[in-house]
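Reader: Before I rely on any of the labels used for this protein, I would like to see how each of them is reached.

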Amino acid sequence: MTARIGSISKASLADRVGGAENGICYAVRNARDVIGNAILRPRQDVEKAWHGISARFFAGQETGTTQKARCMALERIISAHSADPQEDALHVALRPGRLAEMVGQTKVIEKLSIALQAAQVRKEPLEHILLDGPPGLGKTTLAHVVGHEMGVTNLRVTSGPSLAKQSDLLAILTQMEHGDILFIDEVHRLPKIVEEFLYPAMEDFRVDFTIEGGLSGRMVNFALKPFTLIGATTRAGLLSAAMRDRFGHHYHLEFYATDELTAILERSAGKLKLPARGDALARIAARSRGTPRVANRLLKRVRDYAQVRADGVLTEDVVERGLAIQQVDTYGLDDLDRAFLKALIDIYDGGPAGIEALAATMGQERDTLEDVVEPYLLQIGFVIRTRQGRQATRAAYEHMGIDSVPTRVDSDGDEHLLF
Ligand SMILES: Nc1ncnc2c1ncn2[C@@H]1O[C@H](COP(=O)(O)OP(=O)(O)OP(=O)(O)O)[C@@H](O)[C@H]1O
Ligand SMILES: [Mg+2]
């Protein structure tokens with residue numbers, strides 16, 4: 001990580017953030033995004049992002065409610081998005097290095113290992129791979145594992161939004177050696193012009209670009225060495241069909257089962273030299289919303305609790321008490337999930353409600369709700385998606401302790417329970 005972010009030094013960024021008394025959560029959260037993405041984003045983007053944040057914040061455009069909701073997003077312990085660079089370092093340390101160490105995702109792992117072996121036998125680069133699934137399920141981890149298995153020491157990592165121009169991508173592609181791997185995170189956020197530039201690179205390992213000069217530009221065709229592109233996305237639906245079709249393999253990552261998360265936690269606890277007894281780890285796993293990143297994060301919180309309030313050993317009791325402080329409930333839902341359900345139930349009578357409307361009510365970004373909150377609520381059957389919008393189910397009402405499931409009046413004037 002560089003000490004400077006765009007033209008702003010880290011120290012001055014911290015000062016600006018630290019000096020702001022009101023609405024600090026919003027500024028901090030966004031500043032973290034800025035810091036977190038600084039490596040990947042070009043300088044102008046970082047500066048623009050920072051100016052946008054500070055302008056909105058200092059102009060006082062944030063209302064109390066919006067700030068509160070944003071605070072929730074910042075504090076959100078169970079958010080599957082990574083929260084800060086220090087935490088990223090922890091996740092990197094806990095990341096499996098080889099395919100055999102990957103827990104769960106058995107179908108994906110099996111298909112992938114066949115593809116890997118076949119490529120190795122043929123001594124060819126792997127076909128391009130698209131990984132999709134909600135945040136924190138292991139897309140980046142898998143990309144690194146594939147690199148490792150293919151013996152690629154120099155995995156190139158970039159992301160859709162950081163490739164603003166064709167030349168950004170050209171600079172990377174022309175340096176790729178035979179069999180190298182390029183990992184593009186958030187591939188659905190590649191600008192159109194860069195995406196189209198990538199097509200011939202993926203298909204025929206060549207790029208076409210125009211050299212400006214004289215009256216007209218000159219088209220140049222440049223051959224690349226065969227390489228493998230690994231694209232990751234939380235939104236496969238936003239990828240163009242042309243892009244999707246150019247990937248030879250498309251793997252969808254699913255939420256993990258509790259016993260798989262327990263196995264991941266056992267490995268992590270071992271690495272952290274953290275003793276655990278009985279079902280302590282299984283209890284953390286049960287509240288990790290099917291997501292390894294959440295599981296590892298909760299483990300870290302419970303470790304803090306165990307070291308400060310107990311004797312450093314994870315027991316079931318310590319886990320329960322540690323998690324209660326974090327306000328993570330038995331389903332692993334936190335304040336933001338509950339705020340989503342409450343808005344849907346209280347304000348929209350259980351729905352159907354559009355995601356934009358819900359986002360506006362909660363003062364949240366639509367993307368946050370769609371990427372981080374909704375997938376798990378859909379998975380556990382608390383929310384269903386209909387043509388008209390999102391709808392809370394009976395299970396959600398029960399979990400929220402709200403009895404009155406709304407009734408719907410039909411054309412004869414009779415009332416029917418919705419569920
Ligand atoms: N199958 C797995 N086995 C063990 N640990 C895993 C597994 N998958 C993920 N993890 C752990 O979860 C953490 C988060 O995974 P990763 O960063 O790969 O998620 P991601 O899908 O890339 O998320 P994002 O969409 O936010 O980029 C990893 O650092 C690793 O510690
Ligand atoms: Mg990732």
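Predicted model: local features only at pLDDT ≥ 70, side-chain atom pairs only at ≥ 80, totals over all residues.

Reader: Why is G136 called buried?

Author: A residue counts as buried if 20 or more other C-beta atoms lie within 10 Å of its own, and G136 has 29 other C-beta atoms within 10 Å, so G136 is buried. In the protein chain, buried residues make up 37% of the 419 residues.

Reader: What makes strand 3 and strand 8 a pair?

Author: Two strands pair if there are at least two bridges between them; strand 3 and strand 8 (residues 228-233) have 4 bridges, in the parallel sense, and therefore they pair. Within strand 8, A232 is the bridge partner of L131.

Reader: Which strands are called edge strands in the open sheet?

Author: The sheet is formed by 5 strands in the order 4-5-8-3-9, with parallel pairing. Strand 4 (156-159) and strand 9 (249-252) each pair on one side only, and they are the edge strands. From one strand to the next, the twist averages 15°.

Reader: Which strands does helix 7 touch where it packs on the sheet?

Author: Helix 7 touches strand 3, strand 5 (181-185) and strand 8, and its direction makes about 165° with that of strand 8.

Note on methods
Residues numbered from 1 in each chain as written. Chains lettered and ligands numbered in written order. Buried ≥ 20, exposed ≤ 12 C-beta atoms within 10 Å, placed from the backbone. Helix = DSSP H or I, 4+ residues; strand = E, 2+ residues; numbered from the N terminus. Axes fitted to C-alpha atoms, helices over the stretch in contact; angles between N-to-C directions. Contact = placed C-beta atoms within 7 Å.
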